[in-house]
Protein chains: 2
Amino acid sequence: MIPYKKLEHFTQEVFTSLGIPNHVAIIAAENLVRADLRGIDSHGVARLSGFVRLIKSGRINVQAKPNITYETTSTATLDGDSGLGLYVANEAMKIAIQKAEMCGSGWVAVKNSSHFGIAASHAELAVEHDMIGLAMTNASPLVAPAGASEGYLGTNPICFAVPAGKYKPFLLDMATSAAANGKLEIAQRKNVPIPTGWAQTVDGKPTTNAHALKDKGSLLPLGSDTDHGYHKGYGLGAMVDILTGVLSGANFGAWVPPFVQFLDVKQKVGEGIGHFVGAWKIDAFQPASEFKARMDTWIEGIKNLKKNEGIEEVLIPGEPEYRAEEKRLKEGVPVNDKVMQDLENLAKELGLKWDY
Amino acid sequence: MIPYKKLEHFTQEVFTSLGIPNHVAIIAAENLVRADLRGIDSHGVARLSGFVRLIKSGRINVQAKPNITYETTSTATLDGDSGLGLYVANEAMKIAIQKAEMCGSGWVAVKNSSHFGIAASHAELAVEHDMIGLAMTNASPLVAPAGASEGYLGTNPICFAVPAGKYKPFLLDMATSAAANGKLEIAQRKNVPIPTGWAQTVDGKPTTNAHALKDKGSLLPLGSDTDHGYHKGYGLGAMVDILTGVLSGANFGAWVPPFVQFLDVKQKVGEGIGHFVGAWKIDAFQPASEFKARMDTWIEGIKNLKKNEGIEEVLIPGEPEYRAEEKRLKEGVPVNDKVMQDLENLAKELGLKWDY
């Protein structure tokens, strides 16, 4: 178990040692390690070495100055200047919040950015301003549209963060695929099959092979098959790609570059990867205090429902992550051997201290 | 086969005969019959007698004057004055479009409304203004949150409409449940079982019984079970309820009144049912002409994907509905016997002519 502050501090040092300004490194480290803290291990320090490779290959600009290229009272398009998505998307959200403060809502489409970590890190910035936050990103094309046998969409997550009164914020942060790639990786490590409905073979056949992606298969959209509405998961992932990629001027569809290596990208339809963030100010619809009391009633309504056999509690979106956070704040973050080795190697490579 | 214009005209006459002003009846009839035209038979004239019952019982105010109760530059809350949702949501969308024209985006939360037909009727108003349209509504609690064995959310649809260049608009209009109630009704009529993953029994057990709802069971969220991510469908349906119900001042969760009879509603947490509509102006992010060319590239990318065996074409969201529309514009709308009987009865009851 490693105290999360140690992970955060080390991550920050990694970034600054590569030439990233301190104020950027602080935000990026907080946002990366928040994933570890919340139990989403696939998106935390496990990805740090990937960021280092991108920076060293010059694909991430350490001196990036995100700049607004297009703007109205309630909207903006932000050029991320090839910066760290972990930072760029936070800046975008701050612009959206300013706009929402002024005119009730604010929306920022971001191009020329990179992987932004967990979407929640950006969406939830809105909550302390009594706003509902939204964050989305596109990603490399691992997910096949309904009826296709090759990937065109990323796992394209959608996140909504909504303040409540007595309770923690409602926090929905979900991939639009049936299962995130991280779940396949867990099955690979355990050497167990995956449920049908997560992935298909290169020929578009159902498969339980956890290595389906490596064998040129693709992930399936939320809904998994025709009978269970996978055209809906496809449609949602498509909508995320349109807002984050098509609308911002970033790459979209098959052209979105993968997180770590950009070798396969022969063609471009835009710049970098794209995000879309925004905020609705609650006071722009009804008094925030009334809204929060209504959210409490809404949450209590869920908690009072009859439960299925074996279910102790019906959870509100965000609760699993908050509970992991509470636990890991006390006990530290479990980091697996492979990631530990990664961090040690990074320390050696960059001349940093890593004393675990 | 009945020419859709006949259905539309009859619907309009039904509404005006009940005291609804002509300009309202025209919009309401267009929006109701659009469902029949697009092949979504469950949401068209099949629901006309339900509206008549609501109007006759005084639950829908025929003289409704929707009015803004709360407003900022980019947002508004609209009180539907207990009017026809088919009309109220259209008015809300027009306000959103005006706001988006002014400041880049516009958002209207609607309370005190009623069933609004297909969400597409409202979202797609934005498209001709070179905007991306969004429409959502809540509905009576048929869908169980993940882990619960009773309904709390409606089938809570989400619709996005996006203009393209050479191609028809992208039009995603989806329930956030695994299957809409209309699909269960079809299975009931055919007397066939439903796939597992659509519904559960009153005890929260999987079922293939098409009559599960009548037996006090509930619908399942998109994703259908734990393995296939039904917490995501639950989260999306919840988000729709929060924006349409909690934020607007309408009823939400278990308190949303059913479409036709209000007998079961003992308690209220708000007024009527709620909608949430909005628009992003494309020119507020990038020139609309460039965006539309990019949408064409995005669509062509989908069309060029490798297809699964037996699949002739990978469809873009909206294409099935546009194809039904093209066919039914030429050939007329097939109306089943039960609905024909309904319409005849309505004609008799209201002293109207119905010559089919």
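This is a predicted model: local features need pLDDT of at least 70, side-chain atom pairs count only at pLDDT 80 or more; totals for chains, interfaces and linings use all residues.
Chain A is brought onto chain B by a rotation of 180 degrees with 0.0 Å of shift along the axis, and the RMSD is 0.0 Å. The two copies are thus related as by a two-fold rotation axis. Within chain A, the C-alpha nearest this axis belongs to A:G223, at 2.4 Å from it.

The interface between the chains draws 66 residues from chain A and 66 residues from chain B. On the side of chain A that touches chain B, at least two residues are supplied by each of β2 (75-79), β3 (105-113), β5, β6 (170-174), α7 (230-246) and α8 (288-303) of chain A. The largest share, 7 residues, comes from α8(A). By class, this side of chain A consists of 36 nonpolar, 23 polar and 7 charged residues. Of the interface residues of chain A, 100% are also interface residues in chain B, so the copies meet through the same surface.

Chain A is divided into domain 1 (1-62 + 319-356), domain 2 (64-174 + 227-286) and domain 3 (179-219). Between the C-alpha centres of domain 2 of chain A and domain 3 of chain A the distance is 26 Å. Their contact involves 7 residues from domain 2 of chain A and 9 residues from domain 3 of chain A. The side of domain 2 of chain A that touches domain 3 of chain A comprises 3 nonpolar, 3 polar and 1 charged residues.

Helix α4 of chain A covers residues 85-103. At 1.5 Å a residue, its 19 residues should span 27 Å, and the end C-alpha atoms, 26 Å apart, agree with this expectation. Of the 19 residues of α4(A), 15 are buried, so the helix is largely enclosed by the rest of the structure. Just after α4(A), A:G104 adopts a positive phi of about 100 degrees.

Strand β4 of chain A (residues 131-137) is likewise a buried element: 7 of its 7 residues are buried, so the strand is largely enclosed by the rest of the structure. In a regular strand the side chains alternate between the two faces of the sheet. For β4(A), both faces are covered, with A:M131, A:G133, A:A135 and A:T137 buried on one side and A:I132, A:L134 and A:M136 buried on the other. β4(A) runs antiparallel to strand β10 (residues 273-281) of chain A, to which 7 bridges join it; A:A135 stands opposite A:V277 in β10(A). An antiparallel pairing over 4 bridges also links β4(A) to strand β5 (residues 158-162) of chain A, where A:M136 stands opposite A:I158.

In chain B, strand β10 (residues 273-281) is mostly covered, with 9 of its 9 residues buried. One side of β10(B) carries B:I273, B:H275, B:V277, B:A279 and B:K281, the other B:G274, B:F276, B:G278 and B:W280, and all of these are buried. Strand β3 (residues 105-113) of chain B runs antiparallel to β10(B) and is joined to it by 7 bridges, B:I273 being the bridge partner of B:S113. Strand β4 (residues 131-137) of chain B also pairs with β10(B) in the antiparallel sense over 7 bridges, and here B:V277 is the bridge partner of B:A135. Helix α7 of chain B (residues 230-246) has 17 residues, which at 1.5 Å a residue should span 24 Å; its end C-alpha atoms are 22 Å apart, which agrees. Of the 17 residues of α7(B), 17 are buried.

A further sheet in chain A is open and contains 3 strands in the order β8-β7-β9, with antiparallel pairing. Strands β8 (206-207) and β9 (218-219) of chain A stand at the edges, each with a single partner strand, so one side of each is left without a neighbour in the sheet. Strand β7 (residues 199-200) of chain A pairs with β8(A) over 2 bridges, and A:P206 in β8(A) is the bridge partner of A:Q200. The loop between β8 and β9 of chain A contains A:D215. With 11 other C-beta atoms within 10 Å, A:D215 is exposed. Residues up to four places away in sequence aside, A:D215 touches A:T201, A:V202 and A:N209. The C-alpha atoms of A:D215 and A:V202 are separated by 7.1 Å, although these residues lie 13 residues apart along the chain.

Definitions and conventions:
Residues are numbered from 1 along each chain as its sequence is written. Chains are lettered from A and ligands numbered from 1 in the order in which they are written. Copies are superposed by least squares on the C-alpha atoms of residues with pLDDT of at least 70 in both. Two residues are in contact if their C-beta atoms, placed from the backbone, lie within 7 Å. The expected span of a helix is 1.5 Å times one less than its number of residues. A residue is buried if 20 or more other C-beta atoms lie within 10 Å of its own, exposed if 12 or fewer, and partly exposed in between; C-beta atoms are placed from the backbone. Two strands pair if DSSP finds at least two bridges between them. Domain bounds come from an automatic or database domain assignment. Ala, Val, Leu, Ile, Met, Phe, Trp, Tyr, Cys and Pro count as nonpolar, Asp, Glu, Lys and Arg as charged, and the others, Gly among them, as polar.
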